[in-house]
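Keep the sequence beside the view as you go.

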Amino acid sequence: MVVPLTVAPPSREGFYAVNNPFLVSGPKGFTEFKMLENEDMFIRIDFPGVPQDSIKVRIDPTKKAVSITADAPKEHKHDSSPRNYGSATGLVCKCCEISGLVSHISDGVLRLHLSKTRASSQSPSCISFLGGPDREVIKPYVKYNEFGCGSADPELTGPLLEPHPCVNIGSDMAYEWKILSNGGLYVRVDMPGVPKDRFTVSIVNGRVSVTGDAPAVGLDSGGRFYSGEVAMLESQVSIPGRKIKTIAKNGVIRLIVPPL
């Protein structure tokens with residue numbers, strides 16, 4: 001028999017990152033904001049499961065905000081459902097407007113580079129991107145909180161996991177499992193930023209573990225490393241790792257663990 005492992009805090013302090021129970025090092029949070037020297041803004045947003053052709057990033061006609069919609073398809077029949085994401089970020093000042101946008105998504109991570117110009121020559125330029133140092137709120141085009149699409153806890157460490165705030169439809173947690181009719185187990189694990197060739201699956205003392213290495217890309221503040229136990233065999237017997245079917249795609253790994 002194969003059973004899922006309960007996702008529990010690994011230490012008294014809680015999870016290293018409340019946005020993902022498997023993240024053990026690197027930048028925390030569903031998003032990362034970085035103000036550049038020229039006052040442009042770099043933004044990283046995790047959209048696990050979203051392929052390159054299923055995301056839309058648009059500058060609002062007001063030139064004050066950028067809206068984002070993304071779809072993560074149901075890649076396997078045992079996924080509970082497809083997922084749909086939505087978010088927005090933009091300016092909170094009255095003196096500037098968004099003048100440029102460069103976006104790229106890979107391995108379930110969207111990276112945006114936003115630039116701005118003064119809308120009026122009478123006002124100086126300012127640092128006022130939503131989620132930037134000002135941390136002010138503009139009207140809600142889609143759901144987000146004062147830190148953008150992420151946690152309002154600056155430490156991002158604690159005993160309780162947070163659902164992905166950008167999920168409109170589908171599972172908003174990083175771990176999903178299903179007991180199969182043959183006694184096997186299906187598991188989905190979100191590890192955004194991990195290329196498909198940087199996942200590893202191992203079985204030690206009957207416990208199935210997954211690791212993922214997400215390298216820093218572009219202006220990321222650093223790489224991320226994920227690791228965790230996702231399933232347990234009924235006994236401490238070993239089965240060849242090759243018997244576990246794995247599907248790694250768009251920052252998500254899916255495992256089908258056969259029955260003993």
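**Strands and their partners**

In this predicted model, strand β11 (residues 175-179) pairs with β12 in the antiparallel sense, over 5 bridges. Lys178 is the residue that stands opposite Tyr186 in β12. The two strands, β11 and β12, form a hairpin, with 5 residues between them. Look at Gly183 in that turn: its phi is positive, about 95°.

Now turn to another partner of β12. Strand β17 (residues 252-257) pairs with β12 over 6 bridges, in the antiparallel sense. Here the bridge partner of Tyr186 is Ile256.

How many residues of strand β12 are buried? The count is 6 of the 6, across residues 185-190, so the strand is largely enclosed by the rest of the structure. Follow the side directions next. Leu185, Val187 and Val189 point one way from β12. Tyr186, Arg188 and Asp190 point the other way. All of these residues are buried.

Move on to strand β14 (residues 207-214), where Ser209 lies. Is Ser209 buried or exposed? Its relative accessible area is 18%; buried means under 20%, so Ser209 counts as buried.

Finally, check the confidence. The mean pLDDT of the protein is 85. Of its residues, 83% reach 70 or more. Over residues 131-153, pLDDT stays under 50. For that stretch the model has 58 contacts beyond four places in sequence.

Notes. Residues numbered from 1 in each chain as written. Predicted model: local features only at pLDDT ≥ 70, side-chain atom pairs only at ≥ 80, totals over all residues. Heavy atoms only, no water. Helix = DSSP H or I, 4+ residues; strand = E, 2+ residues; numbered from the N terminus. Buried < 20%, exposed > 50% of the residue type's maximum accessible area, 1.4 Å probe, protein only. pLDDT = per-residue confidence, 0-100. Contact = heavy atoms within 4.5 Å. Pairing = 2+ DSSP bridges.
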